[in-house]
Amino acid sequence: MDLQRIAKTILPSRAITSLRRAKWERERRRVASLPPLTEDGFRNILIEQLGLRAGDLVYVHSGIDGLSLSFPFYRILFLIKEVIGCGGTVLFPTYPNHGISSYEWLKQGNVFDVRRTPSYTGILTEFARRQRGAVRSLHPTKSVCAIGSAAKEITATHHLSPYPYDTCSPYYKLIEGGGKIIGLGTTTNYISFGYCVDDALKEKFPVRVYHDEIFDAPCIDYGGQRVTVKTYAHDMSTTVHPDMPRFMKTYVSEEAGRDLNIKGMKFFRASAPKLFDEMMELAKRDIIAYPRSVWK
């Protein structure tokens with residue numbers, strides 16, 4: 001059992017929360033002391049370090065507190081759009097559950113309104129969701145917001161499978177579209193795309209990642225109509241990735257994905273098709289990011 005899981009078993013939840021908050025504060029102060037990135041400097045990172053190009057399909061994970069910027073955070077969206085151009089598409093996670101797991105959110109019977117329910121996966125994602133032309137997938141817990149030429153296509157079928165990262169999802173369509181995944185101010189510990197492997201293998205995957213219950217989740221679509229979306233919810237007692245950056249460095253090729261430290265800040269880049277192919281082959285050999293303690 002890893003140290004983090006040991007700590008969770010012997011320390012009260014209040015102590016765990018306090019330790020996390022202290023760690024976050026130390027990191028925030030460290031980042032705030034770094035020389036701020038200019039817009040030109042940030043644009044160069046997008047192109048030279050993260051490999052973005054005109055016409056790209058790119059999924060963005062962001063942690064604004066992990067970045068030292070000389071410009072307002074919302075400019076990040078427009079810088080990405082400048083780089084990928086009018087033929088490109090940018091996606092963000094726009095999960096609605098705030099401070100609780102997806103399972104708890106569904107158990108509470110919350111209604112997901114694709115037009116109005118806020119995103120709680122960071123301030124940049126909420127800003128993107130509110131943009132004119134943004135299209136959001138109709139999924140009660142793992143919704144994705146897309147802006148660009150492929151926005152409607154990539155979000156259109158998310159509600160059709162009970163597995164949130166299955167072939168109907170925007171995440172899987174990143175593979176088909178040759179998409180790129182980037183992290184801004186964050187590490188691959190937050191790369192949700194990895195769940196595509198879990199959903200591709202389903203019962204063959206070594207870890208039972210979902211609760212058994214399938215939810216009939218109430219949602220409101222863009223037409224204002226109430227619809228029901230069937231979905232599973234992750235079991236957070238098993239869905240644990242203790243050190244994804246180490247897993248990536250140990251088992252995944254640099255071409256498929258890598259964590260980066262740029263000017264003292266955390267970034268990552270990944271190729272969706274390459275990362276999926278490599279992680280699928282690894283999973284078939286029982287090499288996965290989950291600790292042995294949570295295997296079936």
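A residue is called buried when its relative accessible area is under 20%, exposed when over 50%, and partly exposed in between, using a 1.4 Å probe on protein chains only. Cys219, at 0% relative accessibility, is therefore buried. The model is predicted, so local features need pLDDT of at least 70 and side-chain atom pairs pLDDT 80 or more, while totals for chains, interfaces and linings use all residues. Residues are numbered from 1 along each chain as its sequence is written, and side-chain values use heavy atoms, without hydrogens and water.

**Cysteines**
- A disulfide is a pair of cysteine sulfur atoms within 2.5 Å, and the count here is zero.
- Cys145 is in no disulfide, and the nearest cysteine sulfur, that of Cys219, is 16 Å away.
- For Cys219, the closest cysteine sulfur is in Cys168 at 15 Å, which is too far for a bond.
- Cys145 has 1% relative accessibility and so counts as buried.

**Largest cavity**
- A cavity is a set of points, on a 1 Å grid over the protein atoms alone, where a 1.4 Å probe fits but cannot get out; lining residues have an atom within 4 Å of a point.
- The structure holds one cavity of 30 Å³ or more.
- The largest cavity has a volume of about 80 Å³, the volume being the space filled by probe spheres set on points joined across faces, edges and corners.
- Its lining has 13 residues, with Asp198, Phe205, Met279, Ile288 and Ala289 closest to the centre.

Note on methods:
1 Å grid on protein atoms, 1.4 Å probe; cavity = no way out; pocket = protein on both sides within 12 Å on 5 of 7 lines; lining within 4 Å.
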